[in-house]
Amino acid sequence: MYRRNLVGCLVWLATSIYVCYLSLKIGFGTFGTPGAGFFPFWASVMIGVFALIHLMHVLQEKKRTKAEDSSKGVEWKKTLCVIVSLLLYPLLLPTLGYLITTFLLLGFLFLILGEAKRFWLKGIGALAVTLISFLVFYVLLDVRLPIGVFGF
Amino acid sequence: MEAFHNLLIGFSVANQPVNLLFCFVGVLMGTLVGVLPGLGPAGALAMLLPLTYHMPLTAAIIMMAGIYYGAIYGGAITSILMNIPGEANTVVTCLDGHPMAKNGRAGPALGMSAFAAFIAGTFGIIAVTVVAKPLALFALEFGSPEYFGLCFLGLTFAIYISSSATKAFITAAFGLILSSVGMDTIEGSPRFTFNIIQLWDGIDMVSVAMGLFGVAEVLEGIEEAAMPAMTARIQSLFPTLSDWARCKWAIVRGTLVGFLIGILPGGHPATASFLSYGLEKRVAKEPERFGKGAIEGVAGPEAASNSASAGGFIPLFLLGIPSNVVLALIFGALMIHGMRPGPQTLSANPDLFWGVLCSMYIGNAMLLVLNLPLIPMWVKVLKVPNSILFPLILLFCIIGAYSLKNSAFDVMVMMLFGLLGYAFRKFGYEAAPLILAFVLGPMVETNLRQSLLLSHGSPLIFFTRPISAIFVSLVILLIILAIVPYFRRSRKEETHKEQEVAE
């Protein structure tokens, strides 16, 4: 956890500096007439201060415990695949439309999260859920789900 | 007499068929959400927020309130039967509830949990009835400095009770920055939009909440092993007379503790449940029974968390300050409907306030009457595999995010916040302070800037007005209390090292 805490502190410090810079660029104003950047500036200072406090604590903890990170055996590949699919989904949604994109996403998720068998059943399941959700939300509840370039 | 009249108004609103229906839907969904470890009422409310656009305001809030306290009850089911806390406030219920189940007393544990929640919920509503008017009158004295102080105190207190206060301060400050994305309401200039036109309206709270709680939960759940099987057998659900004799004062104490915690800005049912458990163990004649199946260890905390959930509606409706992330989402729903809660709520929207309050009483009765017989059904729900549940949760989140503005951009925002929420969990940060700060941010900023304009730039305005001075002093005290342990620990280690060198 030491390494993660260290990385976290450094990321927050960098965020604090960057937001401070942007806030001053937007316009700090004065204490009497605070500008648009006044509030985010002080919020980013707060991030910086607490990140520094936490950094000091993390460095002290390292001296005390000399513990190294031991990542448990997590399924990084599976999680990474799901993350990529989730980020691709909104990019493809306007082009392919709700039905195709959702079917692809659900089919992929059912496959990757479940056991590696009965692919046809998972495909049918993905199709069924997609169609039912379309019926419920688009037809019955009038939620304007996107129609893609193929017209459906 | 006025309180009685208000309750009559409330029950007449709550008993309308549409409100009764949404109350039932809320408690049912809340129990379902509570039974499923991980999803949480925050995630459920985040997913349902877009649907509330199409509902009458009172019905929407009644349903959301039902989900809130329904989840508290549902969480107790998995705590008792499987030693897996469904919600944060049912962690303590595991300590004695599950040993009771292992001893063949799952039924009385579940039954006492429901009865304690019902009794506490009833008291909570009566107490709110008594306290509401005086508090609303008191809140009318508030100006910008007082509101700034109170908002910041609520935020600070919620941060202080987090597992790591410094990390929580960081995420809260980040939430304040995120809340300022978009057009500045005072100067009308864009902030942090990076030339993305969709950001001129700011970041939508629903996308943030669904990402941080729904999507992040799924991403983390992908890594976890399968759930342990439920082996406890359930026989009679009714506690015995000796159980009642043991629990009667535990319920009273839990109810009082819970209510007092709940009405504080920043108060959370989880805090109330922990305090109640500690109190019961301290006052017990045989404290060694705790942890081995003491029924008071179930009754007290359940009463406390339910009472706290009722009490939390006071700062929400009468001060406009949500005490925790779930109430922040309910606050968001109120804002979506164009309603700004505050001291004027009692006079301007009595139907809403008293209707929601009385619906909570009806909802508690529904939980008692309906959910106890439905326990076998909830147990079956636990057996739905994650490979089916997670994609369905994601689908619901996607539709919810898209339906906000019919824009794939909001879906992308949700996914990015899902990634952020997942990173938070990996790095040991909590998302709740971020969403609380995100919701309170505009109020904090507006009141801060208005206060400084009033005082021509002097921050002493926060100390010269008595109420504001109390709030801001408490904020400073809480920050100091959060930071001091870090330095004290460092000094102890240095002293210890010096002693070692000397030896």
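A residue is called buried under 20% relative accessible area, exposed over 50%, and partly exposed in between. A:Trp42 has a relative accessible area of 38%, so A:Trp42 is partly exposed. The model discussed here is predicted.

**Aromatic pairs**

Over all chains, the structure holds 29 aromatic pairs. One of them joins A:Phe28 and A:Phe41: the ring centres are 5.1 Å apart and the planes stand at 85 degrees, so this pair is edge-to-face. The two residues come from distant parts of the chain, 13 residues apart. A:Phe28 sits in the loop between helix H1 (2-26) and helix H2 (38-65) of chain A, while A:Phe41 belongs to helix H2 of chain A.

Both partners can also be described by their accessibility. A:Phe28 counts as buried because its relative accessibility is 19%, and A:Phe41, at 15%, counts as buried too. A:Phe41 also forms an edge-to-face pair with A:Trp42, with 5.2 Å from centre to centre and 85 degrees between the planes.

These contacts belong to a wider group. Ring pairs connect A:Phe28, A:Phe31, A:Phe38, A:Phe41 and A:Trp42 into a cluster.

**Charges over rings**

Which charged residues lie over the face of A:Tyr138 and of B:Tyr429? The table lists each charged residue with its ring.

| Charged residue | Ring | Distance from the ring centre |
|---|---|---|
| A:Arg144 | A:Tyr138 | 4.7 Å |
| B:Lys167 | B:Tyr429 | 5.1 Å |

In chain A, the residue over the face of the tyrosine ring is A:Arg144; in chain B, B:Lys167 lies over the face of B:Tyr429.

Notes
Residues numbered from 1 in each chain as written. Chains lettered and ligands numbered in written order. Predicted model: local features only at pLDDT ≥ 70, side-chain atom pairs only at ≥ 80, totals over all residues. Heavy atoms only, no water. Phe/Tyr/Trp six-rings, centres within 6.5 Å; stacked < 30°, edge-to-face > 60°. Helix = DSSP H or I, 4+ residues; strand = E, 2+ residues; numbered from the N terminus. Buried < 20%, exposed > 50% of the residue type's maximum accessible area, 1.4 Å probe, protein only. Lys NZ or Arg CZ within 6 Å of the ring centre and 35° of its normal.
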